[in-house]
Amino acid sequence: DSEGDMVVYLQGMIKGVGPVTAKNIVKTFGVETFRTLDGESALAMLKRVKGIGPKTAVRIKSNWDKGRESRDALQFLQKIGLSVRVAQRVVLRFGQNTEKIVRDDPYTALSDVRDGGFMEAERVALTLNSSLELPSRYMAAVQYVLSSAAEQDGHSFLPVSRVVEGTSWLLGRSNTKTADPAALRIRVRDAIKSLQLSGTIMLRKEGSNHILHPKSTGSDFFEDPTIRCQSKDMSEAELAVKANLLARSTLTPLDIDAERLQSWLDRYQAQTSLKMNEDQLNGVKVITNSRVSILTGGPGSGKTITAQALVALWTAMGKKVKLCAPTGRAAQRLSEVAHAEAQTIHRLLEFEQKSEGLSVDELEVGEANGRFARNRNNPIEADVVLLDESSMLDLKLAAALFDAIPITSQVVLVGDADQLPPVGPGSVFADAIKSEVFRTIKLHHIYRQSEDSNIVTSAHNVNVGQLPQLERLDGRSLIDEASSKENTTYVSIAEQINTDCLWVDIHESEITTAVQVVVKRLLPAMGCDSQSELQVLSPVHQGQSGTISLNRKLQQLLNPPSRYKQELSRGQTVFRVGDRVIQTENNYDSQVFNGDMGYVTAVDAKSKKLTVRFPPLARIINSTRKMNSRYHDVIYQGVSLRELEPAWAITVHKAQGSEYPIVIIPIAFAFRPLLNKRLLYTALSRAKTTAILVGPQAAIASAVREVGETRLTDLDTQWRQAFSEYKFPPGIPGVPGFGSREAVVVENNADGELDGFSREIPGIPGIGGDSVNEEEESVMVDVVPTTTADEKT
């Protein structure tokens, strides 16, 4: 019915119509679009649309007419409550048979459709009066319980006993006719067996790497808390990550000459005036010689300096280095500190938007909107891949990333395992550290400038279960003083502040009011620019102190309405020129990504479109290593407006991987169960110069005490067991150093320097030797002693 839905339909269902053409068609004809395309003068009308010529008009009209039956099926699905996008996917799968298939068995029809599944099928079944005793209903419910555990709680598996309990409760709630709980549980067990037999779910024993056979599932089996149940895609992703890093670790280490490496590090520190501590120096040495390594530490521990040195070293060695991070903001920050190009993981893997060339099956089982071009058959061209903010890496993305990195390339994971886990399922980074299988460098020393910061000290206190070091401000007094037009009291308070970590003590019913007073009165008195320096971080979207409510209040303070400012409404959200906004999903056509933040620079209320200016793309220009300073403007109109949200306040999860000069963090009991020390630790460590907690002391103390729910993942256990059981093969052709004794050529020059170590490092003048001897000799160096097939690691 809406113009946005029409755009979605045209680009999804009519062959040859992409996003731009669909928008232009709907822009031209509006709500009369479908009636126009059905009309006798459709060809002539289509030629009026921007970008459509005579041949294109004929093709679009022909494909439109062919899709008449599909549109009838689509209307049927919308009438029974399915969204346009889900309905399109169902029609693409079943075509003209859609209505019959859905009426016969809605659970089977929607089971493999993205954003479909049990809950959608249950609503459809109730609308159509379908049988609630279909075996497919029980199987769909089991799959829903597993997928919910993964998507909402981040679990990579559930004990099979929990699956039985959760599914029985879910089905019993919907079908009150099922009076016998025991009979219901039997049906659920049968559904699990059927799914296991079809390979849709996998079961295995705790601590085992072996999938259980369906015949082993006896009656006592389902009460065993050590039996773990996983969906097929989760099991495959877990196996891929486990096997990939295991295989890399069994390659022979890289044998870099220790004396030459130390000599280079000495010269690097002298030329850059950077003094690295023993942990950092040891980290550089270990990582340089390792196939898979981990660099971890809290805020202020020197991860950035260590990463800078590593990138400079690899550059001097002539290695091809790829830097990446899970989000656009994290990649941009990595690029700035490392003085090298950094990309999002999706960009590194060359994510491809869905196209006419992709089949329906590929669209369903692939990424949300497409697939990765880079994989083991088309690997990334790199000798080293360094991933920053690795704690944000979920299981499926990790599987795709590691699969695309050549097996002989080095993999370096950098991050803070104590921060929030990834939004998606799994905890790859934390599990890799816990496994103690991979070379791990933990940085503990806090640099002098960080020692003087109460932000850093408070973050570390929270991490070990202690209260943060805060300077208390009375919230009630701050609010009472706000009625005065004079700002002298706030200036006096600001002058007495002796810390960078503040606490506004206020009852949680007045948190939103206190935040407004801090933004409007206190921060200006402290000399802060709230519009450009401030970021408010809340754990939740909903509620009095959630991001939705706070954004409306902050917009009134920081960017109030004006006759000189155009604005555009979408539902209850108002976008105004000057507003800060955040991109909520990856848009590869526009080159903006989930978590990117910008400002609204123009609004065209008549055509209902707005322009957002994002910071420069995180890339380096040529060999001059200068950052790209061009801003990136993106136009939003129609359905693309759904990708934007106001960003004066964002969730802590969205802020992960970013830093802001000033951070305000509301803390309330209402945030439970999300209120825990990991969330507070992550929020505090986002602040660079000032952190302000707003809420009652009891809520802060509760957050520090609460560890939070532990994710159900066991990659660490699987890695330990697999590594202990692994037997080196006699050698793999084409993979030097794997298993058997191998010889590696190392280039020496006459000065005894490793080739490449004497080169100039771009952007860091003077690093490297004064000259390179042209006469070089090749020497054969045995890396490891002979390893037989019977020897274990």
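A search of the whole structure, which is a predicted model, turns up two cavities of 30 Å³ or more. The largest cavity has a volume of about 60 Å³. What lines the largest cavity? Its lining consists of Ser391, Leu393, Ala417, Gln419, Leu420, Pro421, Pro422, Ser427, Val428, Phe429, Ala430 and Arg678. Helix α22, residues 428–435, supplies the largest share of that lining, with three residues.

Next, the nonpolar cores. The largest one has 67 residues, and Leu10, Leu77, Val102 and Ile192 have the most contacts inside it. Helix α11, residues 135–153, gives this core its largest share, seven residues. Where does the core lie relative to domain 1 and domain 2? Domain 1 (1–130) and domain 2 (133–138 + 153–236) both contribute residues, so the core lies between them.

Take Leu77 as an example. If we set aside its neighbours within four places in sequence, Leu77 contacts Leu82, Ala87, Val90, Val91, Thr98 and Val102. There is also a second, separate core of 63 residues, and among its members are Ile497, Trp648, Val663 and Tyr681. As background, nonpolar side chains in soluble globular proteins tend to be buried together.

Last, helix α14, residues 232–249. This helix has 18 residues and spans 26 Å from first C-alpha to last, close to the 26 Å expected at 1.5 Å a residue. Which residues in α14 are buried? They are Met234, Ser235, Ala237, Glu238, Val241, Lys242, Asn244, Leu245, Leu246 and Arg248. Note that the buried set includes Glu238, Lys242 and Arg248 as well as Leu245 and Leu246.

Methods: Residues are numbered from 1 along each chain as its sequence is written. This is a predicted model: local features need pLDDT of at least 70, side-chain atom pairs count only at pLDDT 80 or more; totals for chains, interfaces and linings use all residues. Side-chain values use heavy atoms; hydrogens and water are left out. A nonpolar core is a set of buried Ala, Val, Leu, Ile, Met, Phe, Trp, Tyr and Cys residues joined through side-chain atoms within 4.5 Å. Buried means under 20% relative accessible area, exposed over 50%, partly exposed in between (1.4 Å probe, protein chains only). Helices (H or I, at least four residues) and strands (E, at least two) are DSSP runs, numbered from the N terminus. Domain bounds come from an automatic or database domain assignment. Contact means heavy atoms within 4.5 Å. The expected span of a helix is 1.5 Å times one less than its number of residues. On a 1 Å grid over the protein atoms alone, a cavity is a set of points where a 1.4 Å probe fits but cannot get out, and a pocket is an open set with protein on both sides within 12 Å along at least five of seven lines; lining residues have an atom within 4 Å of a point. Grid points are joined across faces, edges and corners, and a volume is the space filled by probe spheres set on the points.
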